[in-house]
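Reader: Please take a close look at one part of this model, then link it to the rest. Keep it brisk.

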Amino acid sequence: MITLNLKTSGGARCNYVVALVYALHHNNNDQAKAQDFVKSLYANVEVLDAGARGAIHTFAKRGIVYVLIDWENEALLAGKELSKDRFEIIIPSKSILAESTAAVVDKVVDKRGTRYVATSYLKYLYTQEGCRPSPQKTTTAHT
């Protein structure tokens, strides 16, 4: 199995928290059982990749592990870039919504003279044209 490294990836923290919450939910909030579940899950991890893109590369292109825990969009991207029949994408029936943030950093744009471009781009991201709809889910979900 491969997942993201807790020391280098924000996504890894989400993976860890989701696994812990899942285990708590399925073990009547028993902390010890939940921690045991997470430990057993991570005991099967052969590769802790630095980030989401690296993990999908290790999984899909190098093929050194059989299971990947990563962002849905990374798996869908890999499915587009590679043959879709090389792996199955399983999207859980319950998940979390993780939205990336975007900001104009005053110190940086003022130093580089890019305030207008950065602000325009940020405004564009929140227009109808800039917001791309979620990809069509063509895979089956398992719990």
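Author: Exposed means over 50% relative accessible area, buried under 20%, and partly exposed in between, with a 1.4 Å probe and protein chains only. The model is predicted: local features need pLDDT of at least 70, side-chain atom pairs count only at pLDDT 80 or more, and totals for chains, interfaces and linings use all residues. Residues are numbered from 1 along each chain as its sequence is written, and side-chain values use heavy atoms, without hydrogens or water.

Start with the loop between helix 1 and helix 2, where Asn 29 is found. Helices (H or I, at least four residues) and strands (E, at least two) are DSSP runs, numbered from the N terminus. Asn 29 counts as exposed because its relative accessibility is 59%. Its phi is positive, about 60°, although Asn 29 is not a glycine. Asn 28 has its place in that loop between helix 1 and helix 2 too. Asn 28 is exposed as well, with a relative accessible area of 74%. Asn 28 is not a glycine either, yet its phi is positive at about 50°. Most residues other than glycine have a negative phi.

Helix 1 covers residues 10-26 and helix 2 covers residues 31-43. They pack at an angle of about 135°, and their axes are 8 Å apart. Axes are lines fitted to C-alpha atoms over the stretch in contact, with angles from 0 to 180 degrees between N-to-C directions. Helix 1 and helix 2 are therefore oblique to each other (under 35 degrees is roughly parallel, over 145 roughly antiparallel, 65 to 115 roughly perpendicular, the rest oblique).

Which residues meet in this pair? From helix 1 come Ala 12, Asn 15, Tyr 16, Ala 19, Leu 20, Tyr 22, Ala 23 and Leu 24. From helix 2 come Gln 31, Ala 34, Gln 35, Phe 37, Val 38, Leu 41 and Tyr 42. Contact means heavy atoms within 4.5 Å. By class, the contact of helix 1 with helix 2 has 12 nonpolar, three polar and no charged residues. Asp, Glu, Lys and Arg count as charged; Ala, Val, Leu, Ile, Met, Phe, Trp, Tyr, Cys and Pro as nonpolar; the others, Gly among them, as polar.

Helix 3 (residues 52-62) and helix 4 (residues 72-81) pack at about 45°, with axes 10 Å apart. That angle makes helix 3 oblique to helix 4. Helix 3 brings Ala 52, Arg 53, Ile 56, Ala 60 and Lys 61 to the contact. Helix 4 brings Glu 74, Ala 75, Leu 77, Ala 78 and Glu 81. The contact of helix 3 with helix 4 has six nonpolar, no polar and four charged residues. The buried residues of helix 4 are Glu 74, Ala 75, Leu 76, Ala 78 and Gly 79. These buried residues of helix 4 pack against helix 3.

Asp 49 lies in strand 2 (residues 47-49) and is buried, with a relative accessible area of 15%. Leaving aside neighbours within four places in sequence, Asp 49 contacts Ile 2, Thr 3, Leu 4, Asn 5, Thr 8, Gly 54, Ala 55 and Thr 58. Arg 62 has its place in helix 3 and is exposed, with a relative accessible area of 51%.
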